[in-house]
Amino acid sequence: MQSRKSGLPHPPPSFGLTLLYFTVLVQAIGAWAAAPVMGYKVVAKFPHSTESYTEGFFYLNGLFYEGTGLEGHSAVLVTQPETGKVLQRLEIAPQYFGEGIVDWGPNLYEWTWQSHVGFVYDRFSMREVRQFTYYGEGWGMTRTARQIITSEGTATLRFRDPATFREVRHIVVKDGDRPVEQLNELEFIKGEIYANVWHSDRIARISPQDGRVIAWIDLTGLLPDDQRINAESVLNGIAYDAQHDRLFVTGKQWPTIFQIVLEKEKHAKLQVR
């Protein structure tokens with residue numbers, strides 16, 4: 001059979017179906033392909049209290065700020081990195097399970113797990129300035145220059161107006177086409193959102209524009225199992241010193257805060273279904 005335009009033989013009918021199948025397969029592989037995985041190197045260690053059930057964590061002006069959880073044990077701590085000495089401590093009312101914290105101007109925001117109540121403190125005196133309310137659960141918290149970003153244990157991250165705490169927009173975090181659930185503690189670093197995933201030894205690097213996972217940081221082996229108090233002593237806590245480009249990570253009731261540097265891509269995995 002000849003083609004009227006080219007004079008060349010027509011491809012067999014099955015060729016078109018094969019080409020279509022191949023195109024769809026390539027598109028599917030692109031959607032399923034997992035983000036690249038990075039390694040790490042520990043460059044320094046700092047003391048961390050094994051009584052601190054870390055839910056919020058950031059670095060500011062030479063100090064670590066930490067929000068801890070569990071009813072009856074929740075607190076906001078300001079500590080000296082080199083010694084672990086507690087410089088300020090604010091106990092939270094025992095009915096609240098403290099969660100993420102973030103600085104905003106002269107204030108510090110903290111919210112709670114399931115009570116739908118959050119607090120704004122004067123960061124210097126730790127005096128309560130006001131309270132706010134919200135729907136859903138409170139998990140992690142970080143910020144850009146204009147908005148607060150929160151997680152709620154799902155694949156959704158919400159961008160909020162600091163003045164009202166109302167949602168401005170949200171993104172759904174995905175690795176390829178797979179939603180990444182149970183996002184926890186957050187940090188905003190060089191235009192990306194870094195997120196712990198509950199009960200995982202990986203940190204997701206996320207695009208704030210569309211929720212795409214740019215890369216994973218695999219922290220497997222960072223803290224030996226025999227140094228974990230129990231099954232809930234999981235990786236949770238990311239802090240960044242922008243002035244000196246230092247990245248810190250820790251976990252719930254871990255004895256150590258680790259300063260790490262990221263290593264080049266370890267491997268790129270294909271998500272198998």
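A strand here is a DSSP run of E of at least two residues, numbered from the N terminus. Keep in mind that this is a predicted model.

**Stop one: the second largest pocket.** Select strand 3 (63-68), strand 4 (75-79) and strand 5 (86-91); each gives at least two residues to the lining of the second largest pocket. The space in this pocket comes to about 320 Å³. Now show Ser49, Glu51, Ser52, Leu77 and Arg89, which are the closest to its centre among the 22 lining residues. Colour the lining by class and you will find 9 nonpolar, 9 polar and 4 charged residues.

**Stop two: the largest pocket.** Here the space is about 390 Å³. To find its centre, select Tyr59, Asp103, Arg143, Glu187 and Tyr240, the closest to it of 21 lining residues. Which strand gives the most to this lining? Strand 2 does, with 4 residues. Others that supply at least two residues each include strand 6 (98-104), strand 16 (183-189) and strand 20 (235-241). By class, the lining holds 11 nonpolar, 6 polar and 4 charged residues.

Finish by selecting strand 12 (156-160), which is joined to strand 13 by 5 bridges. Look for Arg158, opposite His170 in strand 13.

Terms used:
Residues numbered from 1 in each chain as written. Predicted model: local features only at pLDDT ≥ 70, side-chain atom pairs only at ≥ 80, totals over all residues. Heavy atoms only, no water. 1 Å grid on protein atoms, 1.4 Å probe; cavity = no way out; pocket = protein on both sides within 12 Å on 5 of 7 lines; lining within 4 Å. Points joined across faces, edges and corners; volume = space filled by probe spheres on them. Nonpolar A, V, L, I, M, F, W, Y, C, P; charged D, E, K, R; others polar. Pairing = 2+ DSSP bridges.
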